[in-house]
Amino acid sequence: MLMSNSTFKKSFIESSIRLARLYGFQGLDIWWISPDIISLDMINIGVLLQEWRAAIVSEARNSNKSQLILTAMAYFSLNLGSGSYLMGSF
């Protein structure tokens with residue numbers, strides 16, 4: 001899975017930034033449909049977004065370009081019980 005493999009994550013992050021710049025996008029969006037609150041998915045998505053955000057900040061600083069916007073759409077259900085997305089604000 002992408003989120004648990006650091007090599008895949010790095011490649012995904014770098015290529016998404018390159019494609020956003022190539023096509024003149026103002027930002028990047030991730031759509032995460034179905035988290036498994038019992039597995040590490042909830043933690044791994046937070047780590048992915050933190051690493052992605054750090055890469056976006058670094059790319060903008062090093063290229064003198066405007067910083068890309070990072071957004072995410074995530075699944076919500078009242079039936080998830082006490083599950084929550086384990087990521088800080090950034």
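Contact means that heavy atoms lie within 4.5 Å of each other. By that rule, and leaving aside neighbours within four places in sequence, E51 is in contact with K9 and I13. This is a predicted model, in which local features need pLDDT of at least 70, side-chain atom pairs count only at pLDDT 80 or more, and totals for chains, interfaces and linings use all residues. Residues are numbered from 1 along each chain as its sequence is written, and side-chain values use heavy atoms, with hydrogens and water left out.

**Overall layout**

- The protein has two helices and two strands.
- Helices (H or I, at least four residues) and strands (E, at least two) are DSSP runs, numbered from the N terminus.
- Along the sequence, the order is α-β-α-β.
- Of the contacts with a separation of 6 or more, 64% join residues 24 or more positions apart.

**Surface and burial**

- The protein has 90 residues, and 28% of them are buried.
- Buried means under 20% relative accessible area, exposed means over 50%, and partly exposed is in between (1.4 Å probe, protein chains only).

**How the two helices pack**

- Helix α1 spans residues 6–22, and helix α2 spans residues 41–63.
- They pack at an angle of about 45°, with axes 10 Å apart.
- That angle makes α1 oblique to α2.
- Axes are lines fitted to C-alpha atoms, for helices over the stretch in contact, and angles run from 0 to 180 degrees between N-to-C directions.
- Angles under 35 degrees count as roughly parallel, over 145 as roughly antiparallel, 65 to 115 as roughly perpendicular, and the rest as oblique.
- The crossing of α1 past α2 is right-handed.
- A crossing is right-handed if the near helix is turned clockwise from the far one by less than a right angle, and left-handed if anticlockwise.
- From α1, the residues K9, F12, I13, S16, I17 and R21 take part. They meet V47, L48, E51, W52, A55, I56 and E59 from α2.
- Eight residues of this contact are nonpolar, one is polar and four are charged.
- Ala, Val, Leu, Ile, Met, Phe, Trp, Tyr, Cys and Pro count as nonpolar, Asp, Glu, Lys and Arg as charged, and the others, Gly among them, as polar.

- E51 lies in α2. It is partly exposed, at 35% relative accessible area.
- E51 and K10 are 41 residues apart in sequence, yet their C-alpha atoms are 8.4 Å apart in space.
- I43 also belongs to α2. Its relative accessibility is 40%, so I43 counts as partly exposed.
- I43 and S4 are 39 residues apart in sequence, with 9.9 Å from C-alpha to C-alpha.

- N64 sits in the loop between α2 and β2 (69–74).
- N64 is not a glycine, but has a positive phi of about 65°.
- N64 is exposed, with 74% relative accessible area.
- K65 lies in the loop between α2 and β2. At 44% relative accessibility, K65 is partly exposed.
- Leaving aside neighbours within four places in sequence, K65 is in contact with R21, E59 and A60.
- K65 and R21 are 44 residues apart along the chain, and their C-alpha atoms are separated by 9.6 Å.
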